[in-house]
Amino acid sequence: MSIDRRALLVLLLALVCGCSATARPPAIGKVLVVGATGQTGRLVVRELQRQGFTVRAFVRDAEKARRLLGDELEIVTGDVKDPASLPAAMAGMDALISAIGARSATGPDRPEKVDFEGVRNLAQAAAKAGLRHFVLVSSMGVTHEDHPLNKMFGDVLIWKARGEQALRASGVPYTIIRPGGLVNEAGGQGRLVVVQGDPQVGRATVPRADLATVCVAALFYPEASRNKTFELYRSDGEPVSDWQAVLAALAPDPA
Ligand SMILES: NC(=O)c1ccc[n+]([C@@H]2O[C@H](COP(=O)([O-])OP(=O)(O)OC[C@H]3O[C@@H](n4cnc5c(N)ncnc54)[C@H](OP(=O)(O)O)[C@@H]3O)[C@@H](O)[C@H]2O)c1
């Protein structure tokens, strides 16, 4: 059989089976960053740009966003509490990274409104828009209702857990990253530890720069990171060199 006929046969088989000749989905190229003006969101934008993704930022204040993020990206304004502001922001995007978080413990932007309802609104809009992957920055400790942070900050971890659940229920392929305490230190300086099951790990911290790297790695390897939830913190040791292998080794969430 000539090479051309063999290629045709592979193509026909792929069409009949409803699958492609390779296991990898079409590349994710355009990414919406929600919470792009936040401390982590800014680093996510920068990392995506460094890796060659096209970035659109979803922000509440366009002027602040231009000042913080520069001119090399598209900016759309809205509020995660307002579902009507989400479809236009997601149109034409392949994927979304959310690094939003409530700015205050009480009032209209309390955790219930941002970390639960806001994330739920994003997940539902992402499902409608047909986004191929949603990376959510959550937090270590979300399954520990007696965690002191809940008393200190409007039940933030409890609401974040509800936000995670809304994303899992949306049907959009996702990765949920639960970092330890965030610090503004240089990335790439130690070993990033990835665990599952939300163990109590004492004082666990991770630089925002490293968190941004892992958010983007999840989009680089969407099959390896698909429908997985994991905690992330930094320890001593060599930096991770193969994120695809680390993500692939994790267990997916129960269906
Ligand atoms: N701090 C920690 O130690 C820690 C630990 C574990 C997990 N986390 C989580 O990690 C994530 C990132 O934390 P961070 O400290 O880097 O974030 P951050 O600087 O507090 O930024 C939060 C972002 O959320 C945006 N936002 C808040 N309410 C919004 C709304 N209603 N609509 C649209 N955007 C909204 C903010 O926009 P504006 O700029 O307009 O305010 C800002 O861009 C958060 O989910 C946080 O809870 C934090």
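1. Basis. Residue numbers start from 1 along each chain, following the sequence as written. Because the model is predicted, local features need pLDDT of at least 70 and side-chain atom pairs count only at pLDDT 80 or more, while totals for chains, interfaces and linings use all residues.

2. Ligand shell. The ligand is surrounded by 24 residues, the closest being T37, G38, T40, G101 and S139; a residue is near a molecule if its C-beta atom, placed from the backbone, lies within 6 Å of it. The shell holds seven nonpolar, 10 polar and seven charged residues, with Gly counted as polar, Asp, Glu, Lys and Arg as charged, and Ala, Val, Leu, Ile, Met, Phe, Trp, Tyr, Cys and Pro as nonpolar.

3. Elements of the shell. Helix 2 (39–50), helix 5 (111–129) and strand 7 (181–183) each supply at least two residues. Helix 2 gives the most, with three. Helices (H or I, at least four residues) and strands (E, at least two) are DSSP runs numbered from the N terminus.

4. Eight strands form an open, mixed sheet in the order 3-2-1-4-5-6-10-8; two strands pair if DSSP finds at least two bridges between them. Strand 3 (74–77) and strand 8 (191–195) are the edge strands, each pairing on one side only.

5. Strand 2 (residues 54–59) pairs with strand 3 in the parallel sense over four bridges. The bridge partner of F58 in strand 3 is V76.
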